[in-house]
Amino acid sequence: MRETWEQDASAEVTPTMPPVLLRPEAELRLAAERTPLLDDVRGYVAGLDENMEPRDALTPRWAEASGLVRVVKGKHVPLTSLDDPLRLWERLFSAIGEAGPPAAGQLLPRAVASISLTLYQSGQAQVPVELLFEAVELGQAPDESTRYATTVALDLLDRLGAIEQVTADPAGLAMIAEIAGKPDPFPFLVSLTPLAVWAINRELREAGMDAPVIGEASGESLGELSLRLIDFAPEIIDAELKAWVRHRSPSDAAAEASEFLRAARLPEERLFALIALGETGEIGLETVVSVRAEGGLVGAAAAMWLSERGAVDRETITRDEVVLGMADHFAAMHALGAFVHQLADMDDGFDVVDLLTSSRHPDRLELLNVVGANHPDRDLAKKARTASFKLRSSGAQTRHD
């Protein structure tokens, strides 16, 4: 697969890789040791002197493709030690594109690389198998040979323990059918195992691609880190901020996060600062209490954060704090691409339009536009559009105008 990564690295536009969480090497080594395929390969190589027959043709092909054996006078002879299960697993993974049946042909290495990269870029999300077929077919005419190579690639990745597979529930299957445009799609969803994430990350880096690891940016300032976080999934944001806090003493982390919170211009920056403060323990709570006392937009955001954690009596939270603090949270979620999805989950009877209109939040107009275009309640959506029109007529602008 490394040749594929190197071609991508030399392209004018290289794929964007999300930061990934790498498990401790001891944990990975144990997972590799438990992979059934390793036992098969070890058993085959160990039995070469005894002329043992392999249980199937896959094992000797994979051993040869991995450089564990070579052909001498028509027979395999061992080339290297198989003591370290993690390094053995990595060698098998690197050669997976050459280990399949000859019928898969030259399409197999590309299929393995496309599937691996698609799943890697998807982070922890489970990806429908149907979409993986489309990823492999991208840029080439779909035919039976392509689908066969994709099926073989998925089978090899599964045998090696590089992917985890689950069956979609009825609702998920219906969604897959709609996306794929097929009445009877494959019902499976797959994701990479920690072993595969580790191996792909190593290969991407060796190929010269930017493949960040969670925690690598922990030495940066919170402001520098925040510039990266805006494009990440929630679980990555949380993991990066936890790593950032662990890189410092609780008091140092709380001091820097509170300074960033007070100076933050954007709602997502305030959210990141509050998440970081929450990871510092008691000193973080005390710091947020002091920020709340300073009032204003930052104080309202701090008040709602404290209330959600039960750190203050909710009866002490003023209406102004609630309205402004909730609007700021919605604005942060909008910046992260999540606000539109929250609309469907809001409790019946909750008038988000009244809240946003009365909040005087700098992003209220932009949020009202989102509600007007996406709220499932038509009456509330219409109310949002009317409120937005009135605000614009009065001279209100979005932060981006």
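Asp-379 lies in helix H21 (residues 378-393); helices are DSSP runs (H or I) of at least four residues, and strands are DSSP runs (E) of at least two, numbered from the N terminus. The model is predicted, so local features need pLDDT of at least 70 and side-chain atom pairs 80 or more, while totals for chains, interfaces and linings use all residues. Residues are numbered from 1 along each chain as its sequence is written, and side-chain values use heavy atoms, without hydrogens and water.

Asp-379 is exposed, at 63% relative accessible area (exposed, over 50%; buried, under 20%; partly exposed, in between; 1.4 Å probe, protein chains only). Asp-347, Asp-348, Asp-377 and Asp-379 form a negative surface patch (residues with over 30% relative accessible area and no salt bridge, like charges joined within 9 Å).

The whole structure holds 20 salt bridges (a side-chain nitrogen of Lys or Arg within 4 Å of a carboxyl oxygen of Asp or Glu). Arg-29 pairs with Glu-25, with the closest N and O atoms 3.1 Å apart. The two residues are four apart in helix H2 (residues 25-33), and therefore separated by about one helical turn. Arg-29 also bridges to Asp-84 at 3.2 Å, N to O. This pair links distant parts of the chain, 55 residues apart. Both Arg-29 and Asp-84 are partly exposed. A salt-bridge network links Glu-25, Arg-29, Asp-84, Arg-87, Glu-90 and Arg-202.

Three strands form an open antiparallel sheet, ordered E3-E5-E4 (paired strands share at least two DSSP bridges). Strands E3 (127-128) and E4 (163-167) each have a single partner, so one side of each lacks a neighbour in the sheet. Two bridges join E3 to E5 (residues 188-192). Val-127 stands opposite Val-190 in E5.

Notes
Patch = residues over 30% accessible without salt bridge, like charges linked within 9 Å, V, L, I, M, F, W, Y side chains within 5 Å. Areas by Shrake-Rupley, 256 points an atom, 1.4 Å probe, with all protein chains shown as cover. Lys, Arg positive; Asp, Glu negative; His and termini not counted. Charge placed at Lys NZ, Arg CZ, Asp CG, Glu CD.
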